[in-house]
Amino acid sequence: MSAIAASGNPARETRRLLILGAGLLATLAIIAIAAPLIAPHDPESVEVSRVLGAPNLSHPFGSDVLGRDVLSRVIFGLRASLLVSISAVAGSLIVAVPLGLAAGYFGRLTDSVISRALDLILVFPAMLLAIAFIAVLGPGSTVAAIAIAVIYLPILARVMRTATLIVSRNDYVAGARARGAGHLAVISGHVAPNALGPVVVQASVLSAFALQLEAGLSFLGLGTQPPTPSLGGMLADGREVLLQAPWVEIFPGLAIVVAVLGFTFLGEGLRRLLDPRGVAE
């Protein structure tokens, strides 16, 4: 029996992954955008009589150490986490794509200069580099997004460079050059459109890691700052009362898990669809 037959229909599996990932992320995005409309309570409103209150009809996710509604805080915290992670990866893409294109297309000195500069960023562990940025610029969601964007810049640029090298060897690129097309026309008309698939796949996968990194920074008090709710900050607030009121910790953790799964499923589906050669791996 062939591997394809053993693993089922690849096209159907790819479609399922894309639908599941896109569906999860679309649902979370709608919740985040409509947070002020669907949150049942003010996420910053303190209710002393409800301190560590158990889940009930009025507060389905219970209340935290200050009596704030956990459901409302999860909704707004999801909004902050998605905004930081998606904006960080998008910002990184804006810089990484032209750098990877230039390095892969022109090669030689251009490739050496760009690659060596990006290698300097890869020397530092992700969390250490993020903390260094925040130590210089100060804590906050904007600085966290900038730090995450810088961390993932060399990864995305390398994927773009590799894809560009592969595409540039194709006959249609050589044909365009032979017809007298300039570098800009060749890159914009032939190389970039065919090399973007792997970097889009990598960006969707990195979005999951970016969300986890943002949650980790907020957990340490370096990301989104109170009183703005954040999923990582909620985990930090609930760790002292985990046994007494587990709902304070469980629900923001589940929100992170669902968001990461959404990005992961979407990334795997896009990889099967756009990157069959596995350039992004």
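Arginine 239 counts as partly exposed because its relative accessibility is 44%, where buried means under 20% relative accessible area, exposed over 50% and partly exposed in between, with a 1.4 Å probe and protein chains only. The side chain of arginine 239 meets that of glutamate 240 in a salt bridge with an N to O distance of 4.0 Å, a salt bridge being a side-chain nitrogen of Lys or Arg within 4 Å of a carboxyl oxygen of Asp or Glu. This is a predicted model, in which local features need pLDDT of at least 70 and side-chain atom pairs count only at pLDDT 80 or more, while totals for chains, interfaces and linings use all residues. Residues are numbered from 1 along each chain as its sequence is written, and side-chain values use heavy atoms, leaving out hydrogens and water.

**Salt bridges**

- A search of the whole structure finds ten salt bridges, and Glu13, Glu268, Arg271 and Arg272 are linked in a network of such bridges.
- Glutamate 240, the partner of arginine 239, is exposed, with a relative accessible area of 66%.
- Arginine 68 forms a salt bridge with aspartate 237, the closest N and O atoms being 3.9 Å apart; this pair links distant parts of the chain, 169 residues apart, with arginine 68 in the loop between H3 and H4 and aspartate 237 in helix H10 (residues 231–238).
- Helices (H or I, at least four residues) are DSSP runs, as are strands (E, at least two), and they are numbered from the N terminus.
- Arginine 68 counts as buried because its relative accessibility is 11%, whereas aspartate 237, at 34%, counts as partly exposed.
- Arginine 68 also meets aspartate 64 in a salt bridge of 2.9 Å, N to O, and both of these residues are buried.

- Just after H9, glycine 221 takes a positive phi of about 85°.
- Threonine 224 lies in the loop between H9 and H10 and counts as buried because its relative accessibility is 8%.
- The side chains of threonine 224 and glutamate 214 are joined by a polar contact of 3.3 Å; such a contact is a pair of N or O atoms within 3.5 Å, where within protein one must be able to donate a hydrogen and the other to accept it, and residues adjacent in sequence count only if both atoms are side-chain atoms.
- Proline 227 is placed in the loop between H9 and H10, and a cis peptide bond with omega of about 10° joins proline 226 to proline 227.

- Arginine 108 lies in helix H5 and has a phi near 50°, a positive value in a residue other than glycine.
- Serine 115 is in helix H5 (residues 108–122), and a polar atom of its side chain lies 2.8 Å from the backbone oxygen of aspartate 111.
- Leucine 52, in the loop between H3 and H4, has a positive phi near 55° and is buried, with a relative accessible area of 17%.
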